[in-house]
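Biologist: I am new to this kind of model. Could you show me how to read a few of its features?

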Amino acid sequence: MNIHEYQAKQLLKQYGVAVPPGESCQTITEAKAIAEKLFAAGQTLLVVKSQIHAGGRGKGTFTHGFQGGVKLVKSVEEAVHVAGNMLSKTLVTKQTGPEGRVVGTLLIAGAEKIKREFYLAVLLDRANSRPLVMASTEGGMDIEEVAAKTPEKIFKEHIDPAVGLMPYQARKIAAALGLKGDVFNQACKLIAGVYKTWWECDASMVEINPLAIVETADGKEAIMCVDAKIGLDDNALYRHPNIVAMRDLAEESPLEVEASKFSLNYIKLDGNIACLVNGAGLAMSTMDIIQHFGGSPANFLDVGGGASKDQVAAAFRIILSDPSVKGILVNIFGGIMDCNVIATGIVEAVKETGLSIPLVVRLEGNNVAAGRNTLAESGLKLTSGDSMADAARKVVAAVNG
Ligand code: ADP
């Protein structure tokens, strides 16, 4: 699960990480009140930031022509004008795709005098089975590009998960960024806080880009997170009700949201052949074999080993409500799964919604005879596949005409 920048900053703040002062809002009236409050508190410049689960907002464009999803404002009037041009409007960035995202929330924060920008992230290094802190002097840039062109500019420090980030490691990272004096000490505290956020929230990634040295009102330097992104491990969400409450369903694919209600592992893809499979391994090989015969999968869908009739029906309804689907391949190997449960679920879903596209079914294993019988008796127009290859070939032929 991903959360918005303002929510990521709330979590970081709880772990003592410095972020610019600011508040989130969903209406122009609230935006006005926050701007008034921040100016009254002595801020001379504010930044209004569109909250969407995608980066590149600063250089993004709204579909009604307004430029920039991150804007600096000098007055309450200007803040209101900018908020009006962002809220409920669609922002397109290089990460959103051409359809863009509707902005439902804004973060209004004090604009900092940024002197230098850095990159800082904590993630899990699967190759080493350890947490990894990455830092770079190339802040505010696309880190993938830095990794490709100048990998020597990314400093990496692996952490022993049993002991956590040690103070000497925070100092090593701060030194690698070339920090000195008071900012060095602030950075050590900040790095420790960012790591603690990652660890205690069960995050899959915490990314601060840019981490910035800013000039404070009294002319001194401070280091803080100007942007923050947090991704969370879905498997650990059950122990973080406060984070689950941050979920923004508007940012997720509606079909994936529907699938998650039925505990289905569903991911929408770009192709036009839907697949309904039990088991992640079989689901992946089914997608491979569709590609092998010249087709393109419309989704990954694993109904699991012990799916109920209702789950199968829900899965089939989700597939049928995707307008890009032009054919369906059901590929079931019933080890624990009862083939008749699959067949009954399919028949039930088709009764509700009808079926106007080719359906190819390959059923094998536990209670297969009853499953085939249920499908045959339903009068459903379908093609049987004798093997996985045969079924894949048939569905690709049916869809490609
Ligand atoms: P994105 O990466 O989605 O474009 P950022 O949060 O990085 O969004 O904002 C874009 C740019 O806007 C930053 O690189 C920075 O220059 C400026 N900016 C953002 N927040 C602030 C802030 N609080 N103070 C000053 N400048 C900011």
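Modeller: Start with burial. Buried means under 20% relative accessible area, exposed means over 50%, and partly exposed is in between, with a 1.4 Å probe and protein chains only. One caution: this is a predicted model, where local features need pLDDT of at least 70, side-chain atom pairs count only at pLDDT 80 or more, and totals for chains, interfaces and linings use all residues. Residues are numbered from 1 along each chain as its sequence is written, and side-chain values use heavy atoms, with hydrogens and water left out.

Biologist: Is Asp202 buried or exposed?

Modeller: Asp202 counts as buried, because its relative accessibility is 17%. Helices (H or I, at least four residues) and strands (E, at least two) are DSSP runs, numbered from the N terminus. Asp202 sits in the loop between H6 and S11.

Biologist: What does Asp202 touch?

Modeller: Contact means heavy atoms within 4.5 Å. Leaving out residues up to four places away in sequence, Asp202 touches Leu232, Asp233, Ala236, Arg239 and His240.

Biologist: Which residues of the largest nonpolar core touch the most other members?

Modeller: First the idea. In soluble globular proteins, nonpolar side chains tend to be buried together. A nonpolar core is a set of buried Ala, Val, Leu, Ile, Met, Phe, Trp, Tyr and Cys residues joined through side-chain atoms within 4.5 Å. Here the largest core has 42 residues, and Leu120, Leu179, Val194, Ile208 and Leu232 touch the most other members. H6 contributes the most to this core, nine residues. Another core lies apart from it, with 36 residues, including Leu276 and Val303.

Biologist: How is the chain divided into domains?

Modeller: Domain bounds come from an automatic or database domain assignment. That assignment gives domain 1 (21-110), domain 2 (113-244) and domain 3 (254-400). The C-alpha centres of domain 1 and domain 2 are 25 Å apart.

Biologist: Which residues lie nearest the centre of the second largest pocket?

Modeller: On a 1 Å grid over the protein atoms alone, a pocket is an open set of points where a 1.4 Å probe fits, with protein on both sides within 12 Å along at least five of seven lines; lining residues have an atom within 4 Å of a point. This pocket has 14 lining residues, and Gln43, Thr44, Ala111, Glu215 and Ala217 lie nearest its centre. Domain 1 and domain 2 each supply at least three residues of the lining.

Biologist: Where is Asn366?

Modeller: Asn366 is in the loop between strand S18 (359-365) and helix H12 (368-378). Asn366 counts as partly exposed, because its relative accessibility is 33%.
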